[in-house]
Amino acid sequence: MSRSRVTVVDIARAAGVSKSTVSLVLQASPLVNEATRAKVNAVIRELGYVYNRGAANLRQSASSRIIGIIVNDLTNSFFAELAVGMDMVMQSAGYVQFLSNSAESVDRQREVVASMREHGISGLIISPARGTEAADLKPLAASGIPVVSVVRNVVGAKVSSLVSDNYAGAKAAVAHLVSLGHSRIAFLGGIANTTVFAERVQGWRDALVEAGFEAPDMLVIGSTASRAGGVAAIERALSLTAPPTAALCFNDAAAFGVCDGLRAAGREPGRDFAVVGFDDVIEAETAVPALTTVSVDPQGMGRRAAQLLLKQINTGKVEPEAIVGSVRLVVRQSCGAGEKAGRMSA
């Protein structure tokens, strides 16, 4: 193989790693483990590759109008709406976006971040995959690349964050269900090892305790935050010796699944069992019955995240800001209150 024609792709193929991993090694990134770094460097020496840093810097300069966007679950319409909100702002500002789905894989997320850095992104908006650590984002901030973590916060990452008031939203939803006469209210859906899950469960728990009711752990039934996960969660809830009569769901996707599962069990959502979601995606209003939910305004959240990132890019200062967005309870038919209840603020 001619030395003058050796490429990063050749190195990746010979070392049995991805092109992004090779790029990380060339950039001396701390994200690569030592064994992989040694293997890649050995191949680099063997093939005689020379890293043209000047060309790399030139590519970065030419790509200064690119924004990276990474979401953890693009199959969830919430994140699609979030991305639409970001696009509204970035397009107007003259930026092009690279959108990627990590599918809750930290390894996939790391590879995407490495690839985006290689293409010279001006900034990154990320909804982190479960298990993301501060070390995954710190190198970006350290190199002067503005980062906004949206939906989920990564403690210690020293990047800006924009999250919803999950605790207040959950408390408002449960308080509303209590006002409708429910005392045995479940929390359905979601994976336990995220701050979002913990905050929403704590709001659920505190609202029940403040109303004078029990909040037993058996009524917290986790599952994937999806329609299928909602079906599985309600099946388990209905099999309890003393089943609940209402539920706050981790998100709207799980709430739609809960409604499916109720119908499969011969029960009608809103009439036989009260259901409340969390997000207020577009489909919530047109669902049958229309879904009562805690609105976080996903498109608005996307716009705010983009504006926060542009602020850092335009000022040239990577100074972390932590923003907690307000939420509101939107009352529709699925909780049994009917249309007359209208909208309530949380």
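Let's start at Gly144, which follows helix α7 and has a positive phi near 90°; helices here are DSSP runs of H or I with at least four residues, strands are runs of E with at least two, and both are numbered from the N terminus. Please keep in mind that this is a predicted model, in which local features need pLDDT of at least 70, side-chain atom pairs count only at pLDDT 80 or more, and totals for chains, interfaces and linings use all residues. Residues are numbered from 1 along each chain as its sequence is written, and side-chain values use heavy atoms, with hydrogens and water left out.

Helix α7 itself spans residues 134-142, and its buried residues are Ala134, Asp136, Leu137, Pro139, Leu140 and Ala141. Buried means under 20% relative accessible area, with exposed over 50% and partly exposed in between (1.4 Å probe, protein chains only). The cover over these α7 residues includes α6 (106-118), β3 (123-126) and β4 (147-150).

Both of those strands belong to an open sheet of six, ordered β2-β1-β3-β4-β5-β11 with parallel pairing. β2 (96-101) and β11 (322-325) stand at the edges with a single partner strand each, so one side of each has no neighbour in the sheet. Two strands count as paired if DSSP finds at least two bridges between them.

Is Ser100 buried or exposed? Ser100 is buried, because its relative accessible area is 10%. Apart from neighbours within four places in sequence, Ser100 is in contact (heavy atoms within 4.5 Å) with Ile69, Ile70, Val71, Arg108, Val112 and Met116.

Now turn to helix α1, which covers residues 8-15 and has Val8, Asp10, Ile11, Ala12 and Ala15 as its buried residues. Among the elements covering them are α2 (19-26) and α3 (34-47). Just after α1, Gly16 takes a positive phi of about 75°.
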